[in-house]
Amino acid sequence: MGLLQRFARPEYRLGREGEGEGADPEPERQFDAAATQAAPPPVGEPLAVPVKSSVQEGGDGVNSTASSAPDVHAGQQQPAQPIARALKVIAFANQKGGVAKTTTTLNLAVAFAEAGHRVLAIDMDPQGNLTMSQGIDPDTVEKSMYHVLVDGMPIRDVIRKREIDVACASIDLAGAEIAMSMKIGRERSLEKALKAVREDYDFVCIDTPPSLGLLTINALTAADKVIVPVQCEYLSMRGLIQLQNTLSMIREELNPDVEIEGILPTLVDTRTVHAKEAIEILEENFGDRVFATRIRKTIRFAEAPVKGTSVLKYDPEGTAAESYRDLAKEVLENGR
Ligand code: ADP
Ligand code: MG
């Protein structure tokens, strides 16, 4: 799996070494044996085809050549069928504010990107914190998710390239729920918008506002999975049950397949008994749906957004960055 050698961290070698035909020593090889196998890799497996960032030019779609002959370029015709790569859309939701939804959306998105995946992060919160945390001022954003959701603007028009691609929010988004409420198919505006970019990404990470209104419903309707960050200091089981009820409704009416990928204990202060107890309560109630990764409380998470970066870029070697890499690894290993 030569492609994997580009990964910043050896732990991201999730594919079993020596399995299949992947034992290629060349680090920058553009083609991979697995790419020619009949079954497409599930998302979460290391990519079996080049990612855009590794193929500097003309990367799109030039990925199905037999890997045993990586030097065969122009002359050989590609097999007709493109390699299907399943996109995984993850919404980050909890109607409570301050539980690290935005922090988790950004840092997990960047951890996926670091692992070689193509990632889009979507800011569905009118507060625009995700947008800001990539150094973009929502007050100066002219085309935002508002226009995508309300006016049907192509989502590509509101994407800016930063550490990951970001579909920006602006303050207008606060009016989107009311404006959308008049539309037919108002719950599906985001799902519809995403159709145009499904081939471009491996992961779409959607940050949601602290409510279960139409913006969050759009996110849950477009999502395959939901990650629920929970602040362990002020754990609110009632809040989680409410979220579960909303998800049940979404499943019945709009998106039968959406599932909780995991519940993530955040802002964990391991020195306190309270935090330990809170995690125990979570595990008693949600069992193995609670991620093994815990995100500890550290000032780094407050410092990084001020610099307009993820914590992975701000303090790459720190434990904060490490914890989101661990989370990425967990999600990738669960990959379905
Ligand atoms: P939400 O999106 O759920 O409202 P945020 O991601 O904006 O929550 O986080 C709320 C605040 O907590 C922010 O100031 C953020 O920097 C901070 N924060 C997030 N995660 C941590 C952490 N693990 N340790 C310390 N502060 C954190
Ligand atoms: Mg937020």
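Me: Helices are DSSP runs of H or I with at least four residues, and strands are DSSP runs of E with at least two, both numbered from the N terminus. In which loop is the place of Ala 100?

Reply: This is a predicted model, in which local features need pLDDT of at least 70 and side-chain atom pairs count only at pLDDT 80 or more, while totals for chains, interfaces and linings use all residues. Residues are numbered from 1 along each chain as its sequence is written, chains are lettered from A and ligands numbered from 1 in the order in which they are written, and side-chain values use heavy atoms, with hydrogens and water left out. Ala 100 is found in the loop between β1 (88-92) and α1.

Me: What is the phi of Ala 100 near?

Reply: Most residues other than glycine have a negative phi. Ala 100 is not glycine, yet its phi is positive, near 85°.

Me: Is Ala 100 buried or exposed?

Reply: Buried means under 20% relative accessible area, exposed means over 50%, and partly exposed is in between (1.4 Å probe, protein chains only). The relative accessible area of Ala 100 is 16%, so Ala 100 is buried.

Me: What is the relative accessible area of Leu 267?

Reply: Leu 267 is in the loop between β7 (259-266) and α8 (273-286), and its phi is positive, near 50°. Leu 267 is partly exposed, because its relative accessible area is 24%.

Me: How many Å apart are the end C-alpha atoms of α7?

Reply: The expected span of a helix is 1.5 Å times one less than its number of residues. Helix α7 (residues 237-253) has 17 residues and should span 24 Å, which agrees with the distance between its end C-alpha atoms, 24 Å.

Me: Within what arc do the buried residues of α7 fall?

Reply: The buried residues of α7 are Gly 239, Leu 240, Leu 243, Thr 246, Leu 247 and Ile 250. The arc is taken over the directions from the helix axis to the C-beta atoms. Arg 238, Met 249, Glu 252 and Glu 253 are exposed on the other side of α7. The buried residues line one face of α7, because seen down its axis they fall within an arc of 120°.

Me: Which elements do the buried residues of α8 pack against?

Reply: Ala 275, Ala 278, Ile 279, Leu 282 and Phe 286 are the buried residues of α8, and they line one face of the helix, so seen down its axis they fall within an arc of 95°. The face turned away from them carries the exposed residues Val 273, Lys 276 and Glu 284. Contact means heavy atoms within 4.5 Å. The buried residues of α8 pack against β6, α7 and β7.

Me: At roughly what angle do the axes of α1 and α11 cross?

Reply: Axes are lines fitted to C-alpha atoms, for helices over the stretch in contact, and angles run from 0 to 180 degrees between N-to-C directions. Helix α1 (residues 101-114) and helix α11 (residues 319-334) have axes that come within 9 Å and cross at roughly 70°.

Me: How many residues of the contact of α1 with α11 are nonpolar?

Reply: Residues of α1, including Leu 108 and Phe 112, meet residues of α11, including Leu 327 and Val 331. Ala, Val, Leu, Ile, Met, Phe, Trp, Tyr, Cys and Pro count as nonpolar, Asp, Glu, Lys and Arg as charged, and the others, Gly among them, as polar. Of the residues in this contact, 3 are polar, 2 are charged and the nonpolar ones number 8.

Me: What share of the 336 residues in the chain is buried?

Reply: The chain has 11 helices and 7 strands. Among its 336 residues, the buried share is 52%.
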